[in-house]
Amino acid sequence: MILILEQLLNGLQFGVMLFLLAAGLTLIFGIMGVINLAHGSLYMVGAYAGTYVATETGSFWLGLPAALGAAALTGFAIEALVVRRLYARDHLDQVLATFALILIFNQLIVLGFGRQPVFTALPSGFGGSVELLPGLPYPTYRLLIIATGLSVALGLYLLINRTRIGMLVRAGATNRDMVRALGVDIRLLYTVVFGLGALLAGLAGYMAGPISAVQVGMGEQILLATFVVVVVGGVGSIKGAFVAGIVLGVVDTMLRAFLPGLLRLVMAPSDADAIGLGVASMGIYLLMALVLLVRPKGLFAAGG
Amino acid sequence: MTDVLRVEGLVKRFGGLLATDHVSLTLRAKEVHALIGPNGAGKSTLINQLCGELAPDEGRVFIGPHDATHLSVPARVTLGLGRTFQVTSLLDDATLRENIALAVQSRAGHSFRIWDRVLGRASIWADTQALLQGSGLEDRADLPAHDISHGERKQLELLVALARKPKFLLLDEPMAGLGHVESQEMITRLQAIAQTTPMLLVEHDMDAVFALATRISVLVYGQIIASGSADEIRANPAVREAYLGAEDELC
Amino acid sequence: MRLLVFALGFGFLLAVPFLTQSIGQPALLTLASRILIYAIAAASLNFILGYGGMVSFGHAAFFGIGAYTVGILFAHHSSAEPLFGLIPGSNQMLITLPAAVLVAGLFAGLIGALSLRTGGVQFIMITLAFAQMLFFFFVSLTPYGAEDGIIIRRTNELFGLNMRDKTVLYYVILAIALVFFLALWRVVNSSFGAVLKGMRQNERRMAAIGFAPYRYKLFAFVLAGMGAGLAGALMANFLRFASPDMMHWTKSGELMIMVILGGVGSFFGPIFGAAAFLILETFLAGWSEHWPLALGLILLVVVMGTKGGISGLFDRFGGRGK
C-alpha cells in the first residue's frame, strides 16, 4: 500500500513534467499550426544551461534563471530564424526543419559538454525526505517538482482564463483567422507563446536534472511521450495537456513499477523483467490508441 | 415517389443558435428549386447537411427512396447527388481534363485497380472530351486548374459535377463572383441542364433566380418562411419584411 | 530520350560492381547495395507522402517488421521448431520476402486503420507513436534477442546462388529493386494512382465526386507498408541481422529526409535522395564524428531554401517542366 502511494506520487511527478512540456507544445500546435520536434531540444538546453551555472556557482537556485533564460532565448531564436518561416508551409517541411534542429542542437551540446551524462546536485534544503504518512518517507525534491508543476498549471489557468493575452490564446487555438481578423499583432502573439513554451520546457529540463541524468538525447525520449500527451489531451487544449499528462505519467510509472513483478508470478524472472518493461514502455501508446478509437481528436479537442 | 430529394424537420444547433430550424423541403423531377435568403439565414449550413458534410441534430434526409440521413458525402454522391462549391474547390495541380476525368472515373468504378493504366481507359477520356466539347473550356483543357480564371473555375465545377451523371444537383451560388456576361452564359447553361436534371439552387443573384427557378423557398433565421412560384414570392409580405432594407435585392 | 536516360542509369547500376572493383574501392559496393535498399523504402514512403499527401512519421516500423520477419523465420529454420507450433521457419528468399511483405502489409493495415481516423498534426504524431510502440515491443522480445536483435547467420538462399558473394547479392538486390520500381510505376499510373494523387490535392473535392477518402488512403498506406517491408527484408539479408534500431523513430526521420532530398512526389526522387543521404552520411562520418551537425545544417537549408529536392534541380537545369 505504501509502495503504491509512493509510485502514485512518482507518477504525479512524471505527469507534471509531461505537462510542463506538453503545455507549450499543444499551444504551439493549436495556435500556430506548427509541429515542433525541437521542443525536446529546449528541454535539453534548459537542463544543460542550468546545470552548468549551478555547477560553476555551486547554487541550484542560480542555475534556475540560467535555465529559463537560455531556453527562452533559444526559443526566441528558433522562432525568429526557423519556425517563423514555416507557418505557411506544410507539416512535412515543419517536421524536417525541426528534425534538422534536433540534429544540430544535439551535436552542439556534444561539442560543448561531451557525451558523458552530467549530474546536478539537489538544491540545499531539498536533499532529504519528509514523512508524508507514517512509514512513507518521500524525497522533498520530488515534492518540489510536483508543487512547481501544479503552480504552473494554476498560473497558466489564470493566464489563459483571466487575461487579455489568454483570451487571444484561447481564440487562437479555436480559430486562427478570427484572431487575425481582430487586428491583433499575430506575430507578437506567436513569439510570446513560443517563448512561453520554451520557458516551460527549460524549467522542466532543469528540474529533471537532479533525478535523471542530463545527457544528449534526453529531449527526444520525453518528447515522444509528450506527443502522446498532446494527442490524447487534444491538440490546443491546456486542460487536455494537464489531464492527459497526469494520467499518462501515473499509468507509465505504475506499469514500470509493478508490471515486471506481476509477470514474475507467471513466468521466469528474466523474461518477466524484459517483457514487463517492454509492455510498460508500450503502455502509454496503447492507451493513446484506445483513446483515439473513441475520440479521434483527443479528450479535450479545442474548438469542439 | 417523385421527389428526388426530400428533407424532413431538419434541425442544426450551434451552441444556443438554431442555424437550421425544422426545415422541410423537397426537390421534384424537372424542377429548379431556388433557395434564397439574406446573409446569415443558414443557407450554407443547410447545404452542408444536405450533401453530408455536416450531421443534423434532428430530422431526416431522403435521396429518392433512400434514407440518407446518416450517409457520408461519397455515399450520397453514389445515390445521385451532384454538387458545386460556393468557393471553388478543385484539384488545383491537375489539369481541367484530369479534374473531369476523375469524376468520370468515379462513376465508371474500378478505382482500386492498381495494375491497369488510367490513360488506357479510353471510355473515360472519351466521356471527358464529350463534356469539354462546346463548354468553352475545351482549349484550356490541359492547363492546371490553378491557372484559369475564377469564371472558368466556376464552369469547371459544374462540368465536374455533371461528369458524375448526377440525378440532381446542389448548386451553391454558381453565379458568385461572375461578371455580367459570364452570369448570362451560366444562366443559359443551367437552363439547358435543367431540362434533364433537377436542381436545388442557392443563389444571391435574383436575376438568375427568377430566370431559372420553377419554385422558390425563402430561408430566414434557419426557417423556411415562404415557398412558391416567383410571383407568389414577390408578392409575399413576410418575404418583403425579411428583405426590408435590402428591398432592391428582390427585383 | 527518356528511355535513353533510363537505359544509361540502369547500365550504370549494372556496372557498379566492376567500377568499384576497378577503382579498388570494394566498400563502395556495400554503399551501393544500401542505397538500392533504402531507395525502395524511401519510394514506398514517397508513395503515401508525395503522391497521397499522408505525412507518416512511422514508416521505419514496416521496414523493421520486414527485417524481423526474415530474422524470425530464419531463427525457426535453424532451430527447426515451428513458430507458434504452426509456421515452419524458412531460409528461402522466395518464401521469406513475400512473407515479409505480407506481414508488413498486415501491420500497416492495423496501424493505418487507426491513424487515418485523424489527420494533420495528429496523424504525424500517431504514426510516430505506433512505430515507437513496435520499437519497444521488439526491444522487450527476449526470445528474439531483445534489444540486440536477431543474428541471421547466413543470407537466405535463392536459386542456389552464392549469396555470400557481395557482387551476387548486389545483383539480386538490383533485380528486386528493378521489379519494385516497375511495379510502383504501374501503380502510380493506375486508376488507383489517379485517385491517390487527387487525395493529396483536395480530399473534400474527392469526396464530392464520390471517392471515400479513408478507404483509398488506407489501401495506399498498406501498399506503402508492404514496400517498406520488402526493403527491410532485403536489409536483414544484407546485414544478416534484424534489430529494433531498424525501426527507431530517427530511421523514420531519415526516410523522410531521403524523400525530401530527392524531391517529394517525384518518381525517381527517392533513389537520388537515398543516394544523396547515404553518400553524405558516409562522407561526413569519415570526416568528423560531429557529422550530424553538418547533416542538420544541410537539411535545414534544403527544407527552407529549395523546392523539389534533387529531382527539382535536375528538372530546372534540364529545362523540362514537371
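1. In chain B of this predicted model, strands E7 (residues 168-172) and E8 (residues 199-202) run parallel and are joined by four bridges. Within this pair, Asp172(B) has Val202(B) of E8(B) opposite it.

2. Both strands belong to an open sheet of six strands in chain B, ordered E6-E7-E8-E3-E9-E10. The pairing in the sheet is mixed. At its edges are E6 (81-84) and E10 (223-228) of chain B, each of which pairs on one side only. With direction ignored, neighbouring strands of the sheet are turned by 20° against each other on average. Helix H5 of chain B, residues 150-163, lies across E6 and E7 of that chain. Relative to E6(B), helix H5(B) runs at about 170°.

3. Helix H2 of chain A covers residues 39-57. H2(A) is mostly covered, with 15 of its 19 residues buried. After the helix comes Gly58(A), which has a positive phi, near 80°.

4. The contact between chains A and C takes 40 residues from chain A and 39 residues from chain C. On the chain A side, the elements giving two or more residues are helices H4 (91-113), H9 (218-233) and H11 (269-294). H4(A) gives the most to this side, with 16 residues. By class, the chain A side consists of 32 nonpolar, five polar and three charged residues.

5. Chain B also touches chain C: 29 residues of chain B are in contact with 21 residues of chain C. Helices H2 (73-78) and H3 (96-108) of chain B are the elements that give two or more residues to the chain B side. That side divides into 14 nonpolar, seven polar and eight charged residues.

6. Ser72(B) sits in the loop between strand E5 (66-67) and helix H2 of chain B. Ser72(B) has 15 C-beta neighbours inside 10 Å and therefore counts as partly exposed. Leaving aside neighbours within four places in sequence, the contacts of Ser72(B) are Gly52(B) and Ala212(C). Gly52(B) is 20 residues from Ser72(B) in sequence, while their C-alpha atoms are 5.5 Å apart in space.

7. The largest nonpolar core has 282 residues. The members that touch the most other members are Leu96(A), Val228(A) and Ala129(C). Among the elements, helix H1 of chain A (residues 2-32) gives the most to this core, with 16 residues. Another core, of five residues, lies apart from the largest one; among its members are Leu259(A), Leu263(A), Ile275(A) and Ala280(A).

8. Ala129(C) can be followed across to chain A. With neighbours within four places in sequence left aside, Ala129(C) is in contact with Leu224(A), Phe227(A), Val228(A), Tyr285(A) and Met288(A). One of these partners, Val228(A), is listed with Ala129(C) among the core residues that touch the most other members.

Methods
Residues numbered from 1 in each chain as written. Chains lettered and ligands numbered in written order. Predicted model: local features only at pLDDT ≥ 70, side-chain atom pairs only at ≥ 80, totals over all residues. Pairing = 2+ DSSP bridges. Axes fitted to C-alpha atoms, helices over the stretch in contact; angles between N-to-C directions. Contact = placed C-beta atoms within 7 Å. Expected span 1.5 Å × (residues − 1). Buried ≥ 20, exposed ≤ 12 C-beta atoms within 10 Å, placed from the backbone. Nonpolar A, V, L, I, M, F, W, Y, C, P; charged D, E, K, R; others polar. Core = buried A, V, L, I, M, F, W, Y, C linked by C-beta atoms within 7 Å.
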